[in-house]
Amino acid sequence: MGQPTRQPHEYGRGGTVKLLTLLRPATGEVRAKGVTHATNAVLHPWLQTELTEVLASLPPLTLSEDERPPLARWTTWLGHEPTEPLPPLRVLLVWDNLAGHLSWSIVRWLLHHGVMPLYTPLSGSWLNMAESVQRILVRRALEGHHPKSQDDLIAWLDDTVAGWNANPTPFVWHGKRDERRQRARQRRLGGSPASQALPQLYAA
């Protein structure tokens with residue numbers, strides 16, 4: 001007879017890991033890397049490499065700047081014409097409003113590669129869908145496990161990301177999950193004597 005998995009009764013923390021993440025909400029595809037430190041010296045080169053691959057995978061442009069839809073033009077996002085020549089806008093990058101993300105060296109690199117950085121408001125990281133998918137991936141990677149080292153954590157995260165990308169879930173506002181929450185809310189209210197299915201009219 002086999003024995004159930006048993007976790008040690010004491011937990012010794014063997015270090016922490018950061019998950020660098022790029023999410024394409026329309027497809028659910030995730031580009032991620034587990035690292036022991038997420039300083040600008042680590043994040044920026046990784047981001048540049050990943051975005052270079054993303055840009056190379058995009059279809060070629062067939063329309064001039066004036067013919068492109070408004071959301072595909074620099075002026076829509078900058079609020080004015082670019083002050084220096086820029087390549088066509090190809091990617092919108094939603095980023096947290098952190099000091100390292102505002103560094104001119106990385107911002108200039110993004111602009112000159114056709115990437116427009118858009119910043120979430122302060123204390124508004126929930127608007128960045130990458131935060132949501134990170135929570136899902138971390139929970140799946142660690143649930144029921146007891147990591148003994150940072151290498152364990154990184155390996156489990158890498159495996160979880162690969163599994164996610166095998167069958168990714170697109171992230172959309174007011175999608176199926178929101179519909180399920182709305183139906184559940186309606187069921188709860190429908191059984192309450194304090195609620196009415198239809199408005200009642202009164203006359204005096």
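Leaving aside its neighbours within four places in sequence, which residues is Glu50 in contact with? They are Leu22 and Arg31, where contact means heavy atoms within 4.5 Å. This is a predicted model: local features need pLDDT of at least 70, side-chain atom pairs count only at pLDDT 80 or more, and totals for chains, interfaces and linings use all residues. Residues are numbered from 1 along each chain as its sequence is written, and side-chain values use heavy atoms, without hydrogens or water.

Glu50 sits in helix 1 (residues 40-57). Helices here are DSSP runs of H or I with at least four residues, strands are E runs of at least two, and both are numbered from the N terminus. Glu50 is buried, because its relative accessible area is 13%. Buried means under 20%, exposed over 50%, and partly exposed in between, with a 1.4 Å probe and protein chains only.

Now find the strands. Strand 3 (residues 91-95) pairs with strand 4 (residues 115-119) in the parallel sense, over 5 bridges. Pairing requires at least two DSSP bridges. Trp95 stands opposite Tyr119 in strand 4.

Turn to the second largest pocket. A pocket is an open set of points on a 1 Å grid where a 1.4 Å probe fits, with protein on both sides within 12 Å along at least five of seven lines; lining residues have an atom within 4 Å of a point. Its lining has 20 residues, and Pro170, Phe171, Val172, Arg177 and Arg181 lie nearest the centre of the second largest pocket. Helix 4 (129-142) and helix 6 (176-190) each supply at least two lining residues. The largest share, 6 residues, comes from helix 4.
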